[in-house]
Amino acid sequence: PLAPRVSGLDGLRLAVLDNTKWNAGDLLRRTTARLTADIDFAAVNLYSKESFSKVAGDALIAEIAAANDVVVTAIGD
């Protein structure tokens with residue numbers, strides 16, 4: 001099920017999930033810089049998938065869900 005929509009982002013913990021696609025890292029770095037310029041996140045946590053051709057493992061998803069409130073990911077093709 002979808003998580004309930006948050007009313008604001010200040011004070012939340014942001015997860016940034018890099019899928020390891022060629023340009024995804026650059027896109028995510030730029031996006032994170034723009035977001036953190038305007039939003040006061042409690043934390044910004046960076047994660048990477050093992051490979052862009054594989055789904056994120058259950059352990060990684062559980063770790064992200066337990067330690068964060070919102071997630072940003074991207075495909076940078």
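**Salt bridges and overall fold of the chain**

A salt bridge, defined as a side-chain nitrogen of Lys or Arg within 4 Å of a carboxyl oxygen of Asp or Glu, joins K54 and E50, whose closest N and O atoms are 3.3 Å apart. The structure is a predicted model, in which local features need pLDDT of at least 70 and side-chain atom pairs count only at pLDDT 80 or more, while totals for chains, interfaces and linings use all residues. Residues are numbered from 1 along each chain as its sequence is written, and side-chain values use heavy atoms, with hydrogens and water left out.

Accessibility was classified by relative accessible area: buried means under 20%, exposed over 50%, and partly exposed in between (1.4 Å probe, protein chains only). K54 is partly exposed because its relative accessibility is 44%, whereas E50, at 70%, counts as exposed.

The structure holds 3 salt bridges. One of them is formed by the side chains of R13 and D69, with an N to O distance of 3.0 Å. This pair links distant parts of the chain, 56 residues apart: R13 belongs to strand β1 (residues 13–18), and D69 to the loop between α2 (58–67) and β3 (70–74). R13 has a relative accessible area of 29% and is therefore partly exposed; D69 is also partly exposed, at 37%.

The side chains of D26 and R30 likewise meet in a salt bridge, at 3.1 Å from N to O. Both residues lie in helix α1 (residues 24–38), where a separation of 4 residues corresponds to about one turn of the helix. D26 is partly exposed at 33% relative accessibility, while R30 is exposed at 56%.

Helices (H or I, at least four residues) and strands (E, at least two) are DSSP runs, numbered from the N terminus. The chain contains 2 helices and 3 strands, arranged along the sequence in the pattern β-α-β-α-β. Its radius of gyration is 13 Å, close to the 11 Å given by the globule rule for 77 residues, so the chain is as compact as a globular protein of that length. The radius is taken over C-alpha atoms, and the rule is 2.2 Å times the number of residues to the power 0.38.

Buried residues account for 31% of the 77 residues. With contact meaning heavy atoms within 4.5 Å, 77% of the contacts between residues at least 6 apart in sequence join residues at least 24 apart.
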